[in-house]
Amino acid sequence: MNEAKKTTHHLRNQSDPSVTSNAKRVLLVEDNDDDRENIANMILDGNNGVSVHAAATGDQALAFFKEHGADCVILDYRLEAEDGLDVLAALKKIAPFVPVIMLTGQGNEEIAATSIKVGAADYLVKQRLNETYLRTSIDNAISRAALELRVADQDAERSQFLNILVHDLRQPLRNVRTLGEMANEEMEAGDHDELKKLLVSQATAATRADELIKTLEGYAMLDQDVAYTSISLSDAATMAKENYAMVIAERRAEVIIRDLPKVHGNRWQMMQVFQNLIGNGLKYNESPNPQIIIESESESESEATVAIVVKDNGIGVAQKHVKSIFSPLKRLWTHEQYIGTGLGLATCDKIVAGHNAMIWCTSTEGEGSQFHIRFPKFVA
Amino acid sequence: MDTSATILIVEDNPDDYEACITALTQDNNLANPVHWCKTGDEGLDYLCGGGKYADSKPEMPCLIMLDLNLPGTDGRQVLAQIKTDEMLKKIPVIVMTSSRDQADIDACYREGANSYVVKPVDLDGFIASITRLRDYWFQIVVLPQPR
């Protein structure tokens with residue numbers, strides 16, 4: 001698995017990308033006082049960057065887990081008052097993807113097999129525990145769980161995407177067919193003006209389907225691996241601006257690019273991001289002089305991130321939609337109001353996520369939108 | 001039957017709206033006025049007297065025909081809002097969409113949709129099904145008082 005992608009997921013589940021901690025948090029559930037202390041020490045000694053919270057009962061563990069969560073749980077199957085398998089089931093109910101490693105006694109292979117069947121990631125025989133044994137098991141369990149979570153996320157995203165796609169593609173195709181049938185009627189009636197109008201609409205509908213497929217191809221390509229180097233965001237933004245030179249002149253628009261930081265990334269992809277944002281800033285804009293400013297956002301020196309902003313004086317986005325605009329195929333306007341595929345910002349979101357960065361929108365309706373992107377600080 | 005109550009159509013695609021109107025007015029069989037909202041947000045404004053309908057809140061419609069995949073606030077959210085509003089929830093909502101997705105179908109009925117219609121692909125089929133819907137809702141069943 002690609003390291004950058006893995007962290008991306010982690011990042012995106014948190015509200016602030018700058019506060020990620022890499023320490024693995026292990027929750028140990030063991031009722032025997034001596035065992036608890038020994039095992040906790042073994043985990044701490046065998047691992048760098050790990051923290052252990054120890055609980056004596058399943059109830060305590062569940063209460064802690066509900067409040068704080070954990071990256072991995074080590075659970076004694078034989079607790080004084082509770083059945084370890086029940087605690088396992090309760091944990092899995094709260095967090096289906098949390099890896100749980102069962103501790104069993106020697107000769108309890110049957111228990112071990114059962115616990116794996118109901119969702120345990122692994123089992124360790126208590127009598128044979130040592131630091132290496134524990135560390136390997138914890139590391140494997142955590143990375144496997146991260147992978148499972150990612151696959152499940154992707155599956156859900158894919159099926160939602162397909163569902164909308166089917167609708168969005170069927171719509172223009174239905175129109176092509178309908179317009180054809182109507183044209184046929186007009187032809188029989190001999191109304192050539194009407195016939196001409198219908199055929200033009202038909203071509204427009206077909207073009208819309210074609211556009212959608214083209215953009216979709218580009219969107220799907222983003223899953224391929226690309227080379228990341230040190231890139232200048234100013235260069236990427238300038239290239240994007242040049243590609244819009246004609247439209248900028250036509251709309252009497254102004255695109256101002258101020259000093260932007262260097263980041264670790266892919267130049268072509270970042271150009272695509274700027275291109276989509278500039279394109280939107282020009283399109284969703286009723287001002288006689290559209291203005292787009294791309295600049296750094298002031299950040300204190302100590303922060304581990306750099307942020308830039310693309311500001312426009314366009315129509316803005318209603319507060320209730322500022323999050324959904326990044327969803328694939330989500331549109332806010334009808335085709336009569338503004339033409340679009342609903343993939344522009346989704347493409348930005350996907351590229352930005354690949355850069356381990358975050359994009360979000362703030363906006364005042366009627367005044368303009370600001371698209372903020374925050375990257376991890378580039379260290380040369 | 002009350003012929004003064006409005007039918008509200010929430011549909012972003014003008015071609016589909018045209019086909020709807022053609023079907024509804026076929027054989028001069030329907031006297032009720034029709035109002036067209038092109039987005040979910042406009043539909044909600046119409047129903048709640050917001051946005052451009054703030055100055056003169058329209059009369060409640062007697063029937064709502066709602067597309068699911070709408071720009072902005074989408075049809076699923078519009079349906080949910082209608083069906084959780086004390087005043088609005090008695091108005092029958094006919095969901096009209098090209099989505100045959102079982103999850104969509106189930107979710108809409110769960111939210112309180114009164115019918116779920118998959119738009120037929122061909123124009124004749126589309127018009128025929130809306131004409132039959134019209135006859136069902138305006139000749140067979142009795143509708144609630146809009147106010």
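These legends describe close-up views of a predicted model. Local features need pLDDT of at least 70, side-chain atom pairs count only at pLDDT 80 or more, and totals for chains, interfaces and linings use all residues. Residues are numbered from 1 along each chain as its sequence is written, while chains are lettered from A and ligands numbered from 1 in the order in which they are written.

**View 1. An open sheet of five strands in chain A.** The strand order is E2-E1-E3-E4-E5, and the pairing is parallel. Strands are DSSP runs (E, at least two residues), and helices are DSSP runs too (H or I, at least four residues); both are numbered from the N terminus. Two strands pair if DSSP finds at least two bridges between them. E2 (50–55) and E5 (122–125) of chain A are the edge strands, each pairing on one side only. From one strand to the next, the twist averages 20°.

**View 2. Strands E1 and E2 of chain A, joined by six bridges.** E1 covers residues 24–29 and runs parallel to E2(A). Arg25(A) stands opposite Ser51(A), a residue of E2(A).

**View 3. Helices H4 and H5 of chain A across strands.** H4 (residues 84–94) lies across E1, E3 (72–76) and E4 (100–104) of chain A. H4 runs at about 160° to E3(A). H5 (residues 109–117) lies across E4 and E5 of chain A, at about 165° to E4(A). Axes are lines fitted to C-alpha atoms, for helices over the stretch in contact, and angles run from 0 to 180 degrees between N-to-C directions.

**View 4. The largest nonpolar core, with 40 residues.** Such a core is a set of buried Ala, Val, Leu, Ile, Met, Phe, Trp, Tyr and Cys residues joined through C-beta atoms within 7 Å. Buried means that 20 or more other C-beta atoms lie within 10 Å of the residue's own, with C-beta atoms placed from the backbone. Residues with the most contacts inside this core include Leu233(A), Phe274(A) and Val352(A). Among the elements giving two or more residues are H8 (233–243), H10 (267–283) and E9 (291–297) of chain A. H10(A) gives the most, with seven residues.

**View 5. Contacts of Leu233(A).** Leaving aside neighbours within four places in sequence, Leu233(A) is in contact with Leu260(A), Pro261(A), Val263(A), Met270(A) and Ile308(A). Contact means C-beta atoms, placed from the backbone, within 7 Å.

**View 6. Chain B, with five helices and five strands.** Along the sequence, chain B follows the pattern β-α-β-α-β-α-β-α-β-α. Buried residues make up 40% of its 147 residues.

Note on methods
Buried ≥ 20, exposed ≤ 12 C-beta atoms within 10 Å, placed from the backbone. Contact = placed C-beta atoms within 7 Å.
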